[in-house]
Amino acid sequence: MKFEKALVTGGAGFIGSHLVEELLKHNVKVLVVDNLLTGKKSNIDKLDNVEVLYDDLGSDASLMAIETFNPDVCFHLAAQSSVVISVEDPLLDFEHNLLQPIKLLQKLIQTDCKKFVFSSSGGTIFGEPDVIPTSEKDYAGEPASPYGVAKKKLNDFIKLMVQDENMSYSILNLANVYGPRQDPHGEAGVMSIFTGRMLNNETPIVYGDGNQTRDYIFVTDVVSALIKSSETDDNLFLNIGTSTETSVNELVSIIKSITSWEGEPDYKPQREGELLRSVLNNEKAKKSLNWEPEYNLNKGIQELVDWFKNE
Ligand SMILES: NC(=O)c1ccc[n+]([C@@H]2O[C@H](COP(=O)([O-])OP(=O)(O)OC[C@H]3O[C@@H](n4cnc5c(N)ncnc54)[C@H](O)[C@@H]3O)[C@@H](O)[C@H]2O)c1
């Protein structure tokens, strides 16, 4: 890897813990800062040689530790990661998704950090798309949740604050990420909820008619995009998805065949504010990063099922 020291905010979370694991394999020195809002110590406590601070990233103690660690790269993955909670408690969302990250940016600008990688959200920073799969140029409309507003605003702050500094940014608009260790309450929790329920012989609930679509990307593919995007000095704004549209009903039938569950889901009324279609065009990321997803749904869900069975 092109760098020696990486700060991973949110490193005890789902995606963050996979990233930390991969960085350690390449002998990168890692500092994790995580306040355990949704993260778990058990996600990383078996990893050796990682420095961990369980605290808000915007606390004085964290900012001081970050200054001392003096990272080459910051992977900013920490977030209040639930759209539903952001609607119930916008102030909490603002605190963790905008206010504290701005303090982090201010601090990093004073250090030797050369790269800021931000996990933004392709499915929430804009409204219902006109073009499917949606490219970085096709985004339209306004976010429908405080979570989406904060992610979009932080994109603007990053571009503004970093422009004349010695640091570049990679803003990655992630699709719906899934894989082992995912909290079922997160953005793509549907995958872990359905898999967990079917393996327990329980009925999954589908909100709406199940024809709403999403773009599901396996966590390993996201980690490789995060790392590749950290190794360039260019400022990047990229969609990280699969360009493949999958309806909830299709998802149910794939998980059914892999878990051998034989029931039918329970259909409930559609939830307000949910996008009908969301799929990201990944052509720009493929070209800019020389990256592409290696997991299709069958392979990814099989790994998820194997993980559930070992848990
Ligand atoms: N999972 C997805 O499908 C998806 C899609 C788009 C974007 N993202 C973004 O990717 C990132 C990682 O998501 P995830 O799915 O791993 O979620 P996660 O909830 O598992 O991880 C977020 C981590 O951030 C920590 N955290 C929250 N606020 C913090 C703060 N103020 N200071 C320090 N730590 C804090 C949490 O404890 C948690 O460990 C988030 O920024 C999320 O918004 C995720």
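Visitor: Which residues line the second largest cavity?
Guide: This is a predicted model, where local features need pLDDT of at least 70, side-chain atom pairs count only at pLDDT 80 or more, and totals for chains, interfaces and linings use all residues. Residues are numbered from 1 along each chain as its sequence is written, and side-chain values use heavy atoms, with hydrogens and water left out. On a 1 Å grid over the protein atoms alone, a cavity is a set of points where a 1.4 Å probe fits but cannot get out; lining residues have an atom within 4 Å of a point. The lining here is His76, Ala78, Ala79, His96, Asn97, Phe118, Ala150, Lys151 and Leu154.

Visitor: Which element gives the most to the lining of the second largest cavity?
Guide: Helices (H or I, at least four residues) and strands (E, at least two) are DSSP runs, numbered from the N terminus. Two elements give two or more residues to this lining, α4 and α5. The most, three residues, comes from α5.

Visitor: How much space lies in the largest cavity?
Guide: Grid points are joined across faces, edges and corners, and a volume is the space filled by probe spheres set on the points. The whole structure has two cavities of 30 Å³ or more. The largest holds about 60 Å³.

Visitor: Which atom of the ligand lies 2.8 Å from a polar side-chain atom of His96?
Guide: His96 lines the second largest cavity. His96 is also among the closest of the 32 residues around the ligand (a heavy atom within 4 Å). Its polar side-chain atom pairs, at 2.8 Å, with a nitrogen atom.

Visitor: What share of the ligand's area does the protein bury?
Guide: Accessible areas come from the Shrake-Rupley method with a 1.4 Å probe. Taken alone, the ligand exposes 820 Å². The protein buries 98% of that.

Key. A polar contact is a pair of N or O atoms within 3.5 Å; within protein, one must be able to donate a hydrogen and the other to accept it, and residues adjacent in sequence count only if both atoms are side-chain atoms. On a 1 Å grid over the protein atoms alone, a cavity is a set of points where a 1.4 Å probe fits but cannot get out, and a pocket is an open set with protein on both sides within 12 Å along at least five of seven lines; lining residues have an atom within 4 Å of a point.
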